[in-house]
Amino acid sequence: MTYLNFLESLVEDAGKLAMTFPQNMPSRIKGADRNQVVTSADLAIGSQIRWRIRERFPDDSVIDEESGAVRGASPITWIIDPIDGTSNFAAGSPLFGVMVGVLRHDKPVAGGVALPAFSETYVAEAGEGAYCNETRLRIKADGDLAQQLIAYGMDIHPSEISLDCRMLAGIASCCRGIRMSNSIFDCMMVAKGAYGGFMHRRNQIWDCVAAQIIIEEAGGMFTDMNGRPLDYRYPLTKTADVFSILACGPGFHGTITDITRDQPPQ
């Protein structure tokens, strides 16, 4: 089945809805983690996306970051992040996006991302390539890491700040510069070739699936920060799991994972 056209329309319309909300809108912390916030926009966008998926694919499972998981009868699971970078969005920053990924069993098969503040829509499907506004994306296979910008996403957990800083120091010594929006914006800059890589130690399944298929279909690699595949088996049971991620061109993957393996937790 081809998902590209549906995904393009789905995330593009969700992005347009996001842009109707005012800047600097109220947000609230979810649970005990101050890094996790939600706004009324997250809830409205998630509802719109779920409704359209249910209308078109009523037998599929759905995981929405804000509303939880609903099991369906088919082997397909839709993974929704209504706003990735909610803290940015709530503060009035344009560095946020809408993400929808599709798993068949445990394999990413399609994904869409909208960066509405930049009027950019990214889509990919297994075997069909990755596109930004209908332009084919192709990540270079090799290059000089010293000439690359590397994005590093970091949530503030006091017990882990020292590890993130050691990771940053190791990467910064090998690249041209560090960038940090802590959102899907950074990963899509890898897909476009603007950045050489994107790293983040604390992600959940809705942060990963759409990004992975776009990066891989563009010719890049998407693994955990030690270079291992991400485990999406039984996805409805993974909503509390934490994934590290590394998205980059093939030529940088080994060098970056060597650096991350040299920084064990203390």
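Which residue in β12 does A151 stand opposite? In this structure, A151 stands opposite R179 in β12, where helices (H or I, at least four residues) and strands (E, at least two) are DSSP runs numbered from the N terminus. The model is a predicted one, in which local features need pLDDT of at least 70 and side-chain atom pairs count only at pLDDT 80 or more, whereas totals for chains, interfaces and linings use all residues. Residues are numbered from 1 along each chain as its sequence is written, and side-chain values use heavy atoms, with hydrogens and water left out.

The strand β11 (residues 149-153) runs parallel to β12 and is joined to it by 3 bridges, two strands being paired if DSSP finds at least two bridges between them. Both strands belong to an open sheet of 5 strands with mixed pairing, in the order β12-β11-β13-β15-β14. At the edges of this sheet stand β12 (177-179) and β14 (221-223), each of which pairs on one side only. From one strand to the next, the twist averages 15 degrees, with axes taken as lines fitted to C-alpha atoms (for helices, over the stretch in contact) and angles running from 0 to 180 degrees between N-to-C directions. Helix α5 (residues 184-192) packs on this sheet, where it touches β11, β12, β13 (197-203), β14 and β15 (243-248), and its direction makes about 150 degrees with that of β13; such contact means heavy atoms within 4.5 Å. Helix α7 (residues 250-261) lies across β11, β13, β14 and β15, and runs at about 140 degrees to β15.

A further open sheet, of 8 strands and again with mixed pairing, has the order β4-β3-β5-β6-β7-β8-β9-β10. Its edges are formed by β4 (68-70) and β10 (135-136), each with a single partner strand, so one side of each is left without a neighbour in the sheet. Within this sheet, β5 and strand β6 (residues 97-104) pair in the antiparallel sense over 7 bridges, and W78 stands opposite V102 in β6. Helix α5 packs on this sheet as well, touching β5, β6, β7 (107-115) and β8 (120-125), with its direction at about 105 degrees to that of β7. Helix α6 (residues 205-217) also packs on the sheet, where it touches β3, β5, β6, β7, β8 and β9 (129-132), and its direction makes about 95 degrees with that of β7.

The aromatic rings were examined next. Rings of Phe, Tyr and Trp (its six-membered ring) pair if their centres lie within 6.5 Å, and planes under 30 degrees apart count as stacked, over 60 as edge-to-face and the rest as tilted. By this rule the count comes to 8 aromatic pairs. Y3 and W78 form one that is edge-to-face, with 5.5 Å from centre to centre and 80 degrees between the planes. Because Y3 lies in the segment before α1 (4-18) and W78 in strand β5 (residues 76-84), this pair ties together parts that are 75 residues apart in sequence. W78 is buried, with a relative accessible area of 0%, and Y3 is likewise buried, at 3%; buried means under 20% relative accessible area, exposed over 50%, and partly exposed in between (1.4 Å probe, protein chains only). The rings of F57 and W78 have their centres 5.1 Å apart and their planes at 35 degrees, so this pair is tilted. Ring pairs link Y3, F6, F57 and W78 into a cluster.

Helix α6 has 13 residues and reaches 19 Å from its first C-alpha to its last, close to the 18 Å expected at 1.5 Å a residue, the expected span being 1.5 Å times one less than the number of residues. This helix is mostly covered, in that 11 of its 13 residues are buried. Not counting residues up to four places away in sequence, I214 touches G111, G112, V113, Y122, V123, A124, A130, L137, M188 and A191. Just after α6, G219 takes a positive phi of about 105 degrees.

T239 has its place in the loop between β14 and β15 and, leaving aside its neighbours within four places in sequence, is in contact with I63, Q204 and W206.
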